[in-house]
Each structure stands twice: as C-alpha cells, then as structure tokens.
Amino acid sequence: QVQLVESGGGLVQPGGSLRLSCAASGTIFSIYRMGWYRQAPGKQRELVATITSGGSTNYAGSVKGRFTISRDNAKNTMYLQMNSLKPEDTAVYYCNALQVVTTTNRYPELWGQGTLVTVSS
C-alpha cells in the first residue's frame, strides 16, 4: 500500500524559511504528478504548486517567486522550499500524488495527512 508522508512543518517567523518534504512509501514504479495544497482555517483547500515527473512546474500566484517545488524521482520524494514566509501562508500543507503506479496497483490520486505551517512572530 502506498502512503504519502509529509514532514518539515512548524512555527516560523515572518520572512523566514521552511522546507517541506513528502515521501511516497511502497514499491512505486511511477508517479505522474505530485503537488502541494494548503488549507487555512475557515478556508477551502487550495493549490500551492505542482510538478510532473518530467519536471514541469506550476505555482499559485500568491507563492510564485517565494516557493520552489522539486522532486527526486528516484526517491519518490517531493520538496517545497518556502522562503519569505508571510502570516497568510499559515495553513495545513498537504501532499498530493496523481496516477501512482506500483508493481501491483494503480492509484488515481493519493493524499498525505498534512503538516502544519504557522507563520507568526
């Protein structure tokens, strides 16, 4: 069974940086697209950034220029480098994976459990 496990969240001051990681466990053959979503209190979940297996990236306008998404296909791990953090970046950040193929199964979509990022002085 494949699981997505996020790590790296925490409390940071405005202007600071954090790096989130998302590791996909299991015997994985390929993952088409991985991405980060976030959900702030009282708000809907929103896309932060995505990256395909070929390296194509997409960012929400609110994080463009501050956040960088990357992935290591060999390790089935994705990262989100967050710089110049603002209080409005406070949210639970979720890892997402589309079209996950293992040696025995195919998963259209998977989600991680989320990691909390709090930006506050």
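Author: Happy to, and let us begin with a side-chain pair in this predicted model. The side chains of Arg-33 and Tyr-37 make a polar contact at 3.3 Å. Arg-33 sits in strand 4, which covers residues 28-39. Leaving aside neighbours within four places in sequence, the residues in contact with Arg-33 are Thr-50, Ile-51, Thr-52, Arg-71, Asn-96, Ala-97 and Leu-98.

One of those contacts, Arg-71, leads on to a sheet, as strand 7 spans 67-72. Four strands make up this open sheet, in the order 1-3-8-7, with antiparallel pairing. Strand 7 and strand 1 (3-7) are the edge strands, each pairing on one side only. On average, neighbouring strands here are turned by 15 degrees against each other, direction ignored. At the strand 1 end, five bridges join strand 1 to strand 3 (residues 18-25), and Val-5 has Ala-23 in strand 3 as its bridge partner.

In the loop between strand 7 and strand 8 (77-82) lies Asn-76, which has a positive phi of about 50 degrees although it is not a glycine. Asn-76 is buried, with a relative accessible area of 13%. Gln-99, in strand 9 (residues 91-102), is not a glycine either, yet has a positive phi of about 55 degrees. Gln-99 is partly exposed, at 49% relative accessible area.

How values were computed: Residues are numbered from 1 along each chain as its sequence is written. This is a predicted model: local features need pLDDT of at least 70, side-chain atom pairs count only at pLDDT 80 or more; totals for chains, interfaces and linings use all residues. Side-chain values use heavy atoms; hydrogens and water are left out. Helices (H or I, at least four residues) and strands (E, at least two) are DSSP runs, numbered from the N terminus. A polar contact is a pair of N or O atoms within 3.5 Å; within protein, one must be able to donate a hydrogen and the other to accept it, and residues adjacent in sequence count only if both atoms are side-chain atoms. Contact means heavy atoms within 4.5 Å. Two strands pair if DSSP finds at least two bridges between them. Axes are lines fitted to C-alpha atoms, for helices over the stretch in contact, and angles run from 0 to 180 degrees between N-to-C directions. Buried means under 20% relative accessible area, exposed over 50%, partly exposed in between (1.4 Å probe, protein chains only).
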